[in-house]
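This report describes a structure in terms of its chain contact, helix packing, cores and backbone details. The sequence and structure come first.

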Amino acid sequence: MAKNSRGIEVAEIVSDKCIACQICIGECPVGAIELSPDGVALIDPEVCVGCGKCFESCPVNAVKFEKKKRKKIPKEERVEPGKEAPGHQGVGVFIEMVDGRGAPVSWELVGKAKELAGQLDTKVMGLLLGGSVGVAADEAIAYGCDEVHLMENPFLSRYLSASYGKALADLCVKLRPAILLIGATPLGRDLAGVVATRLETGLTADCTGLFIEKETGLLLMTRPTFGGNIMATIFCQRQRPQMSSVHPKVFKMPDKDPARKGVVTRHELEAPAVELPEIIQFIPSGDTAGADIVRYPALVVAGRGACDQASMPLLEELAQLVGGVVACSRPVVQAGLMPYERQVGQTGKTVAPNLYIGIGVSGAVQHLVAIQGAEKIVAINSDPNAPIFRVADAGIVGNYQEIVPELIAQLRKIKSNANGER
Amino acid sequence: MHFVVCIKQVPDTAEVKIDPETNTLVRAGVESIANPYDITALEEAVRLKEKYGGRVTAVSMGPPQAESVLRQAFSLGADDIVLLSDRAFAGADTLATSYTLSRAIITLGKANPVDLVLCGKQAVDGDTAQTGPGIATRLGLTQFTYVVDVEWIDPEKKRVQVRRKVEGGFEIINGPLPALLSVELELARPRRASLPMLVSSLRTPVKVWDAKAIDASTQLVGIKGSPTWVKAIASPQVHRAGPRWEAEHGVAGAVSQALDALFADEDFEAKFRKGWE
């Protein structure tokens with residue numbers, strides 16, 4: 001190992017492993033570490049005292065340090081003591097209301113919560129807010145909640161960050177869930193940040209995987225970062241609840257069991273003491289299909305290679321034939337050809353249709369991650385090396401303007417042939 | 001009116017990848033840029049200043065080299081630029097970041113009360129969209145996320161009305177100042193800096209504030225104030241690896257073979273025929 005001029009064994013950063021999280025910089029007691037202009041931590045060997053704190057705190061093992069005598073402190077003791085949080089139990093799920101019903105993403109999360117609660121031997125709590133919650137409480141139980149805690153008040157009939165944030169945070173203070181899951185819808189992402197700040201707890205946004213770590217019972221949350229090019233696994237050591245938001249369609253819709261039993265508890269709303277904003281008007285989007293691309297069983301997705309206004313009628317025709325709509329990848333939105341609502345990808349929507357047909361979609365990782373829930377993927381691209389082919393069930397290499405009309409003709413034949421013969 | 005804009009320096013994320021062979025980060029050619037959403041927020045703040053009068057302060061938390069995004073902000077119309085930089089701020093997650101920024105906004109407000117805080121909807125490296133709501137909650141500001149238009153500000157009555165994106169459409173909403181807006185890219189197309197502004201931005205001193213300057217508790221900033229930790233990183237796993245056919249050997253044949261492969265799953269074919277019933 002490298003020694004400095006004073007003969008101290010110093011630590012070194014392996015620069016291509018460093019993720020620039022800066023944890024070591026905060027941990028270093030002598031200020032020997034700085035972030036280089038390239039975004040990599042650098043240790044000044046002359047300042048380093050060889051304590052090894054950076055080595056112990058690095059989440060990705062990017063620090064080389066081999067002082068033999070020092071024993072590695074287990075992770076649990078490594079974290080600065082935060083607020084101890086005893087007595088937090090159960091997995092809470094915020095149930096979002098859309099048009100008087102529970103949002104599908106909420107039920108997907110209840111399904112996941114049931115799985116997590118099973119591993120922790122605890123209960124699932126549905127947390128339901130609204131002006132009129134109707135049958136949503138019963139539905140929550142049918143989908144897997146053991147308890148439903150609701151606040152029903154005309155004051156909650158429309159979403160406002162301040163009123164919902166306080167109501168949900170108040171419920172969490174009262175019920176003390178160990179985990180809280182929120183759908184990463186526009187509303188959910190607005191709400192989650194408010195609640196996490198009110199509760200001063202950790203929140204991991206847009207998770208694509210949730211697991212319980214066997215040894216510790218901690219929630220491990222996997223999420224894409226760096227624009228979807230890298231997956232990070234995050235945990236929240238001390239604060240509770242461990243909060244996570246999850247996009248629609250990331251987890252499977254659970255089966256509904258109307259015979260399931262559960263307990264519904266009503267809670268009083270305590271309104272916030274601040275002046276609330278006033279919603280003047282709601283303007284429905286002109287592009288109704290766009291807002292709903294996640295609900296269609298089939299998607300014809302235009303990518304950079306099909307970024308051409310003249311081709312749209314062709315794609316529309318295919319979409320109609322397969323019972324779906326046209327969506328797109330990021331470059332098409334950037335070119336101004338389609339609205340953001342139709343964008344599939346980590347920064348757009350995660351989708352899980354029965355059939356995905358990508359046309360001229362090259363398959364950036366952030367796009368592929370967002371379509372992996374699709375049952376079948378068909379890829380059409382002129383570049384035989386396009387990454388999309390690696391995830392496709394069937395791929396066709398060539399010019400989509402020739403392929404798509406042929407595809408339409410053959411699919412039409414299959415559909416109209418009642419005998420199932422092709 | 002005093003407008004404060006929060007700006008984050010981020011790596012150009014399209015370039016950051018993991019080498020699948022060695023499982024290490026590939027950084028070659030990765031540049032640091034100002035988060036595009038934040039530059040949109042700055043543009044809107046400058047336009048509002050031009051309309052209603054006042055000052056725009058740009059704030060960024062980061063290592064010393066983050067001053068470059070503040071100089072950029074100056075060249076685009078910010079009047080004051082403040083860098084929050086302290087070893088103790090390192091390793092911050094969104095909770096610690098929103099605490100640090102809110103302390104800075106309180107400090108800025110002592111000299112000149114803050115009416116409107118603007119920030120990007122999310123940063124393109126983390127995509128969390130949590131820091132804005134975190135700041136608003138800590139400071140008790142009226143929170144408007146996904147803003148696509150600032151319709152008006154009434155400096156007398158201290159109100160602002162915005163159009164924001166919500167599920168299935170837009171919402172027009174107004175509320176009391178001070179407020180926080182987190183903005184969408186379509187809100188405003190950023191201007192280009194003029195040459196004189198670029199030159200003057202290079203000469204402008206950047207104020208650097210540490211934890212003490214903003215009266216921040218060292219227990220609540222940086223890694224110490226961060227409940228969430230990174231455990232590991234990995235390349236995204238993508239499944240399947242289906243067959244492919246070349247259309248140059250005959251379009252009809254390629255399509256028919258691809259459909260055979262697709263419908264080899266008979267249940268799937270049946271669902272397709274029934275229109276996914």
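## Contact between the chains

The contact takes 98 residues from chain A and 88 residues from chain B. On the side of chain A that touches chain B, helix α7 (residues 186-199) of chain A gives the most, with nine residues. By class, this side of chain A has 48 nonpolar, 30 polar and 20 charged residues. The model is a predicted one.

## A helix pair across the contact

Helix α12 (residues 400-416) of chain A packs with helix α6 (residues 251-262) of chain B at an angle of about 55 degrees, and their axes are 9 Å apart. α12(A) and α6(B) are therefore oblique to each other. The crossing in which α12(A) passes α6(B) is right-handed.

From α12(A), the residues A:Glu402, A:Ile403, A:Glu406, A:Leu407 and A:Gln410 take part. They meet B:Val251, B:Ala252, B:Val255, B:Ser256 and B:Leu259 in α6(B). The residues of this contact of α12(A) with α6(B) divide into six nonpolar, two polar and two charged.

## Chain A

Chain A has 12 helices and 22 strands. Its C-alpha trace spans about 80 × 60 × 45 Å along the principal axes. Of the 422 residues in chain A, 53% are buried. Among contacts in chain A between residues at least 6 apart in sequence, 64% join residues at least 24 apart.

Within chain A, helix α6 (residues 161-175) and α7(A) pack at an angle of about 50 degrees, with axes 9 Å apart. That makes α6(A) oblique to α7(A). α6(A) passes α7(A) in a right-handed crossing. On the α6(A) side, the residues in contact are A:Ser161, A:Tyr164, A:Gly165, A:Leu168, A:Ala169 and A:Cys172. Their counterparts in α7(A) are A:Asp190, A:Leu191, A:Val194, A:Val195, A:Arg198 and A:Leu199. By class, the residues of this contact of α6(A) with α7(A) are eight nonpolar, two polar and two charged.

## Nonpolar cores

In soluble globular proteins, nonpolar side chains tend to be buried together. The largest nonpolar core here has 160 residues. Those with the most contacts inside this core are B:Val5, B:Leu42, B:Ala73 and B:Val117. A second, separate core of 60 residues includes A:Val326, A:Val361, A:Val378 and A:Ala394.

Leaving aside residues up to four places away in sequence, B:Ala73 touches B:Val5, B:Ile7, B:Leu42, B:Ala58, B:Ala78 and B:Ile81.

## Backbone details

The bond from A:Arg240 to A:Pro241 is cis, with omega near 0 degrees. A:Pro241 is in the loop between β14 (230-236) and β15 (242-246) of chain A. In chain B, a cis peptide bond joins B:Leu177 and B:Pro178, with omega about 0 degrees. B:Pro178 is in the loop between β11 (169-176) and β12 (179-183) of chain B.

A:Asp121 is not a glycine, yet has a positive phi of about 55 degrees. A:Asp121 is placed in the loop between α4 (104-120) and β8 (124-130) of chain A. With 8 other C-beta atoms within 10 Å, A:Asp121 is exposed, because the cut-off for an exposed residue is 12 or fewer.

B:Ala129, also a residue other than glycine, has a positive phi near 60 degrees. The loop that holds B:Ala129 is between β8 (116-120) and α4 (131-139) of chain B. B:Ala129 has 26 other C-beta atoms within 10 Å and is therefore buried, as 20 or more are needed for that.

Terms used. Residues are numbered from 1 along each chain as its sequence is written. Chains are lettered from A and ligands numbered from 1 in the order in which they are written. This is a predicted model: local features need pLDDT of at least 70, side-chain atom pairs count only at pLDDT 80 or more; totals for chains, interfaces and linings use all residues. A nonpolar core is a set of buried Ala, Val, Leu, Ile, Met, Phe, Trp, Tyr and Cys residues joined through C-beta atoms within 7 Å. Two residues are in contact if their C-beta atoms, placed from the backbone, lie within 7 Å. Axes are lines fitted to C-alpha atoms, for helices over the stretch in contact, and angles run from 0 to 180 degrees between N-to-C directions. Helices (H or I, at least four residues) and strands (E, at least two) are DSSP runs, numbered from the N terminus. Angles under 35 degrees count as roughly parallel, over 145 as roughly antiparallel, 65 to 115 as roughly perpendicular and the rest as oblique. A crossing is left-handed if the near helix is turned anticlockwise from the far one by less than a right angle, and right-handed if clockwise. Ala, Val, Leu, Ile, Met, Phe, Trp, Tyr, Cys and Pro count as nonpolar, Asp, Glu, Lys and Arg as charged, and the others, Gly among them, as polar.
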